[in-house]
Amino acid sequence: MGESIDSMSNSEKDRSPSFRSRAAGPADGALQREARTTLQSALEALPAKDQALLRMHFVQGLRMDEIASRYGVQPPAATKWKSAALARLKVILAARGVESLADILPRGGFHG
């Protein structure tokens, strides 16, 4: 996965067409903060096991086989667990008026 937008230097952000198009002005910054708050709140509503798996995969960048090893399961089982956790997250977000994860995630997911 790529690096997060937060860890990009200003010159990298200036060269990134996707960053320029998504962060055009102050209103966009407010929308991004609101999206982060919405996503964080939805993640906190998930069971702890789902939160841990999603953070390991999307934030820490662990591969599914690494996560499976930590939990003593086969990679396909961990992948099914991730899919179920994402489905639960989507239900929570839908109840809060978010139609798609793409509406609130930076392009490319958590890591931009």
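I count two residues as in contact when heavy atoms of theirs lie within 4.5 Å. With that rule I looked up L93, leaving out residues up to four places away in sequence, and found that L93 touches T38, L39, A42, V98, L101 and I104.

I note that this is a predicted model, in which local features need pLDDT of at least 70 and side-chain atom pairs count only at pLDDT 80 or more, while totals for chains, interfaces and linings use all residues. Residues are numbered from 1 along each chain as its sequence is written, and side-chain values use heavy atoms, with hydrogens and water left out.

**Overall layout.** I took helices (H or I, at least four residues) and strands (E, at least two) as DSSP runs numbered from the N terminus, and the chain has 6 helices and 0 strands. I called a residue buried under 20% relative accessible area, exposed over 50% and partly exposed in between (1.4 Å probe, protein chains only); buried residues make up 30% of the 112 residues in the chain.

**Helix 4.** I checked the span of helix 4, whose 12 residues reach 15 Å from the first C-alpha to the last, close to the 16 Å expected at 1.5 Å a residue (the expected span is 1.5 Å times one less than the number of residues). The buried residues of helix 4 are D50, Q51, L53, L54, M56, H57 and F58, and just after this helix G61 takes a positive phi of about 80 degrees.

**Rings.** I paired rings of Phe, Tyr and Trp (its six-membered ring) when their centres lie within 6.5 Å, with planes under 30 degrees apart counted as stacked, over 60 as edge-to-face and the rest as tilted; the count comes to 1 aromatic pair. Y71 sits in helix 5 and W81 in helix 6, 10 residues apart. I found Y71 partly exposed, with a relative accessible area of 36%, whereas W81 is buried at 13%. K49 lies over the face of W81, at 4.7 Å from the ring centre, by the rule that NZ of Lys or CZ of Arg be within 6 Å of the ring centre and within 35 degrees of the ring normal.
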